[in-house]
Amino acid sequence: MQILFLGGVDEVTGSCFLIKTSRGKLLIDCGMFQGEKEEAKHNFDQFSFDPKSLDAVLVTHAHVDHTGRLPLLVKEGFGGLVYFTPPTKTVAMLILEDAQRVMAENAEKHGDKILYLPEDISRLKTRSRGINYHTEFEPIPGIKAMFHNAGHILGSAYLSLDIPAEEMTSGQATRFIFSGDIGNDAVPILPETEPIDHADYVIVESTYGNREHEPVAVRQEKLQEMISKVIGRGGSLLIPAFSVERTQELLYALDELFDQKKLPKVPIYLDSPLAIHTTEAYRQYKDYLQFDRKILSSPDADFFSFPNLKLTLTQQESKTINNDHRPKIIIAGSGMMTGGRILHHLKRYLNDEKSGLLIIGYQAEGTLGRRIFDGASKVMIYGDEVDVRASVEAIGAFSAHGDRNKLARWLVPKSGEVKKIFLVHGEEVVKVDFKSFLQDKVSSEVIIPKFAENFEF
Ligand SMILES: [Zn+2]
């Protein structure tokens with residue numbers, strides 16, 4: 001049995017692993033490379049395998065860096081099935097449709113290339129199967145797979161693969177775990193990450209492998225503080241938010257602060273069609289969520305809305321925000337400020353010293369968000385130079401990823417020991433730090449694979 005590391009290796013995005021056995025081939029995740037020009041160009045690279053030769057694809061969670069190239073597989077002849085948890089399947093399709101729409105818009109405006117068409121997404125849907133957590137299935141006969149709750153976003157999973165003895169050079173049946181993305185501790189709307197029962201090899205993300213988050217409990221306090229400060233001085237607060245999970249957690253946090261009458265009743269705009277649709281999916285699959293407050297204790301019995309929340313679905317509705325000169329909060333994508341409606345708002349408010357920008361998510365290298373987060377005094381938006389005069393703050397506790405302590409704890413199974421741990425999905429320096437951090441805590445061998453590196457087991 002072999003694993004080929006094809007993405008999420010030298011960078012944080014573009015997760016993709018190819019599993020080769022004598023019984024067939026599997027792909028785990030098929031993500032888009034994000035960031036600006038250089039990284040994004042890789043989305044158009046040929047797959048280094050023939051999609052027609054794959055038997056099945058397993059998807060850990062809906063985020064575009066794990067799903068964004070799935071329609072391309074189908075477009076290039078993949079004829080097998082794609083497995084997701086049911087909420088992941090629903091949310092992934094919303095994300096892919098949104099990504100396609102953005103590509104089509106960019107093609108029209110700037111002549112950019114399009115990765116796939118709506119019909120490729122339709123064909124992907126017909127090959128998609130929803131499988132619940134803890135339900136064993138065989139994507140290839142004899143190879144058993146199971147989704148386990150990763151606590152990262154709605155429906156997110158880590159995956160166990162049980163490979164039979166005759167496929168292994170050791171001659172012993174072996175369990176592999178692919179982490180997908182592992183969630184933060186004590187997320188107010190999600191169940192906790194399940195501990196690993198047992199595992200021989202673990203392929204683990206390392207997004208925050210060199211960081212320790214502030215406790216989730218401080219997020220309410222900091223959020224309230226930042227809102228009060230910016231609104232108090234008559235400014236507008238922009239919150240770039242990933243449409244999936246971060247937005248819903250933010251709405252949930254705001255709902256609680258309003259219930260407790262801790263915030264001024266300013267207008268709050270949710271200016272993102274994807275976030276609006278995804279919030280609907282969160283309601284649809286609320287059985288997969290776990291709230292830290294009782295749902296009916298909330299006066300409106302809905303955790304994701306409050307009276308002053310305005311949903312601006314269409315572009316026309318979005319434009320009305322420009323006519324609202326009152327202090328306000330605007331939540332819009334994209335989370336790393338690489339595109340989407342947030343850019344219009346940044347262009348308008350970033351040079352206003354009364355206004356504020358609140359960063360609540362990971363900002364990858366090479367993104368506008370990262371440049372602002374790192375303290376740039378001027379940035380380019382839509383070809384114009386904009387001075388950064390608004391206050392910029394970040395709340396790490398909103399992270400959807402576990403920090404190094406969480407990951408290290410998760411990597412210790414309930415029984416036995418992990419032989420080897422492979423670090424993926426992290427910047428190089430972070431992985432190097434995380435490796436030495438882990439080596440003090442676990443006895444497993446820790447490996448940082450290179451792009452396209454092949455490991456035989
Ligand atoms: Zn993710």
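## Contacts along the chain

In this predicted model, contacts between residues at least 6 apart in sequence were examined, and 75% of them join residues at least 24 apart. Burial can be stated for the protein as well: 47% of its 457 residues count as buried.

## Overall architecture

The secondary structure of the protein consists of 13 helices and 22 strands. The protein is as compact as a globular protein of its length, because its radius of gyration of 22 Å is close to the 23 Å that the globule rule gives for 457 residues. Taken along the principal axes, the box filled by the C-alpha atoms is roughly 70 × 45 × 40 Å.

## The loop between β15 and α10

The loop between β15 (328-332) and α10 (342-349) contains Ser334. The peptide bond that leads from Gly333 to Ser334 is cis, and its omega is near 5°.

Met337 is also placed in the loop between β15 and α10. Although Met337 is not a glycine, its phi is positive, at about 60°. Is Met337 buried or exposed? Met337 counts as buried because it has 27 C-beta neighbours inside 10 Å, and the cut-off for a buried residue is 20 or more.

## The loop between β17 and β18

Tyr382 lies in the loop between β17 (378-381) and β18 (384-387). This residue, Tyr382, is not a glycine, yet it has a positive phi of about 50°. Tyr382 has 9 C-beta neighbours inside 10 Å and therefore counts as exposed, since a residue with 12 or fewer is placed in that class.

Conventions: Residues are numbered from 1 along each chain as its sequence is written. This is a predicted model: local features need pLDDT of at least 70, side-chain atom pairs count only at pLDDT 80 or more; totals for chains, interfaces and linings use all residues. Helices (H or I, at least four residues) and strands (E, at least two) are DSSP runs, numbered from the N terminus. The radius of gyration is taken over C-alpha atoms; the globule rule is 2.2 Å times the number of residues to the power 0.38. Two residues are in contact if their C-beta atoms, placed from the backbone, lie within 7 Å.
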